[in-house]
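Trainee: Could you take me through one part of this model in detail? I would like a close look at the place where the two chains come together.

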Amino acid sequence: MAEFIMDDDQKQIRETIQRFAQNEFREIARECDEENDLPSDLLDKVWKLDFCSNIIPEKYRGHGMSRSVLNSLIMAEEFAWGDVSLTIGSLSPLLMMIPLLEFGTEEQKEELLSRFCSDKFFPATVAMMEPRITFSPFTLHTTVDISNDTMIINGTKCMVPLADRAEHVLVYATTAKGSGTASVEAIIVDKDTPGMIVGEREKNMGFRPLPLYPVVFKDCEVPQSKRLGGDRGIDYTRIINLSRANFCSMAVGVARASYAYALNYAKERHAFGEPIASRQAVAFMLAEAAMEIEAMRLLAWRAAWRLDRQEDATRDSTLAKMYCADQIMKITDYGVQILGGHGYIRDHPVEMWFRNGRGFATMEGQAIG
Amino acid sequence: MIDFELAPLTKELIKMDHEFSERVVRKYDRYYDEYENEHKDVKKEMLDKIKEHSAAIQAKMFSGEKPSDGVGLLMAVMSESRAWGSAYIGREATRMGLGNAAINAVATPEQKKRFENLFAAMAITEPDCGSDSSAISTTARLDKETNEWVINGEKIFVTSGHHCDAVVVWATLDRSQGKSAIKSFVVEKFRPGMQVCKREKKLGIRVSDTVSIVFEDCRVPYENILGSPEIHVKKGGFKGVMATFDMTRPIVGAMAIGVAQATLEFTKEKLEEEGFTFPYNRGLHELNTVQKAIIDMEANIEASRLLVWKAASMLDKGEKNSLEASCAKAKASRIATLITQQCVELLGPLGYSREWLVEKWMRDSKITDLFEGTGQIQMLIIARNILGFSREQLK
């Protein structure tokens, strides 16, 4: 039976995270953007919400609660409403933890999952994107040569969150360039492994508090035991889809933030003796944003729902990704436009959401939940 | 809970509709388009088949099979599956006019039972009033001696007004009291004083008749009023009438999606014959303009469909859905209009030809952005709703 009403758990997740995002993210978002800062005490605060340990089975020292992709989207939307950079930074351990949970061998889970249940933020990350104009997650250029007992990684990655401090970097690389997603492996590379060179922190238009790094692999050699999932490997397409669904939900959160701010402004700002919202030219931008935010959310949720059912969600998440990337750009653009010249001034947050909005079309792989 | 899976019964009904459309409806679609108003007595064998199919659908729909989706959602989904076959043939055939949706939304259980088997059209627009339905001048007066409503006035653009069994008519009890005095009445075709006059010639949906109806001292029983007969000036009796739109707007949105989906499927099939493929696992730089256009269309259709489903299912849960209903209709109708236009272009000279149905689908889909409130009226409703503005604050 099709229906679209949150259950009590989901409502509670939404309310809890919304409150948290308001108090902890929204308050400091602008300052963090100006300072390019992801405060480490914030990471610990978010960590205490147990977003990792909750869904890790008890035998690996987690709380063994059931995992739902859809619920993680509800959480991501609220966090991102507060601030998307702080969201991705805080949740970055999931980038490695989720693939490990889904595809890791028993030995790998035994060894690594308990670290995600520790009291302090455990930095771990993922390297998927590569610095070239024509990048697509479906065609990776980074290679891994798997011989008898070692693996050698070569290639250049970019936009790797928290690479400077990550204990492990999960690297996506292909065994045969040009042969599609089936040839993609996920390799766990530990901090300070020779041949893995973390570069200077990237400077991007938006997502400024989020520490993103280029990472170069030059004949980086790791043992076979670091191949996620062992001989079974991973379902790389599912990982892309998971990330896309989560990104879409974060796009909804950012769109909502911009829309709500512009709506309030349009009611308060008077011109020619009435609120500017009394003009259709302004009101219709807001109406369109309201309509599209709902559409974005439903598309993202459907991809998540499909992923929860362990079905192929490639079509759903690709359509959602393209759609949400277009809409978030439009809606955050409207946000600046409605504020007029004031929207261009950094006293207001709409220009920040506008810069962040553009990133959703580009970024792949940095959002898994 | 959040679940995107339609009930097995609903899926079965969609399948029945699609099979029937391919076997019968699509074959006659062009014919009815070309002959417009002269078709009435021509294709009896088709009408018989449609009646048969319609009876089978109705029997299945009300078989009591569990689990089932809510009636609102079911009506919306069926509106799409019918429109996939033909924007309007199926609608005429399954006897689900917009009046039926209105009855379903606001009628009492007694009324629902009494009007259950009627094919009901909707009469709102008048020669001098379109989107501003508060300016309605058709009157309804209560004759206390006979306990009947006496209706006088003229309605235009009544969709299916010729083929229907009854019309849901919007009329005012007292023009001086503005929109709160506007009520809707079920007027069966056999009532004296009701006369269908003009049949319009249209851009599209030519299979469906569009007529003018004149009411001259047309009498209906007191019990044929939908909703309360009281004029609540403060609380807005008009809202009772407007509530019918909460049901009809998702249905019109669904109809738009059905036509857009049919057009897109056909276009993809023809392009595939030309060697195009439509993969979902390619980066932007690996897609050509045709592939990108098709993927964007698919995303827009999915987005609109989910808006329609959500708006319709909210009604089933007893939630207020005016905002969502307008969003669903505004989005779905607009994208259907654009998608069908784009598909005609993508198919080159063949798309423009009347050999194929694509050009017809483009003409047909345009109506969805016009009736039951134009796209611009929907945007006004949405904007007023989110801003908390009155008509005076946002004109």
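**Where chain A meets chain B**

Mentor: Happy to! Let's start at a pair of residues: E3(A) stands opposite D3(B), which lies in β1(B). These residues belong to a pairing of strands, in which β1(A) and β1(B), residues 2-3 of chain B, run antiparallel and are joined by 2 bridges. Do keep in mind that this is a predicted model.

Now step back to the whole contact. Chain A brings 45 residues to it and chain B brings 47. Together the two chains bury about 4,500 Å², and carbon and sulfur atoms give 68% of that area. On the side of chain A, the residues that lose the most area to chain B are M1(A), F4(A) and M291(A), which together make up 17% of what that side buries.

Charged and polar groups take part as well. The interface holds 7 salt bridges. One to look up in your viewer joins the side chains of R309(A) and E5(B), with N to O at 2.3 Å. Polar contacts link 21 residue pairs between chain A and chain B, counting pairs with both residues at pLDDT 80 or more.

Which elements of chain A supply at least two residues each to the side that touches chain B? They are β1 (3-4), α7 (236-268), α8 (280-308) and α9 (314-339). The largest share comes from α8(A), with 16 residues. Sorted by class, the side of chain A that touches chain B has 26 nonpolar, 11 charged and 8 polar residues.

Notes: Residues numbered from 1 in each chain as written. Chains lettered and ligands numbered in written order. Predicted model: local features only at pLDDT ≥ 70, side-chain atom pairs only at ≥ 80, totals over all residues. Heavy atoms only, no water. Contact = heavy atoms within 4.5 Å. Buried area = accessible area lost by both parts, 1.4 Å probe. Salt bridge = Lys/Arg side-chain N within 4 Å of Asp/Glu carboxyl O. Polar contact = N/O pair within 3.5 Å; in protein donor to acceptor, adjacent residues only side chain to side chain. Helix = DSSP H or I, 4+ residues; strand = E, 2+ residues; numbered from the N terminus. Nonpolar A, V, L, I, M, F, W, Y, C, P; charged D, E, K, R; others polar. Pairing = 2+ DSSP bridges.
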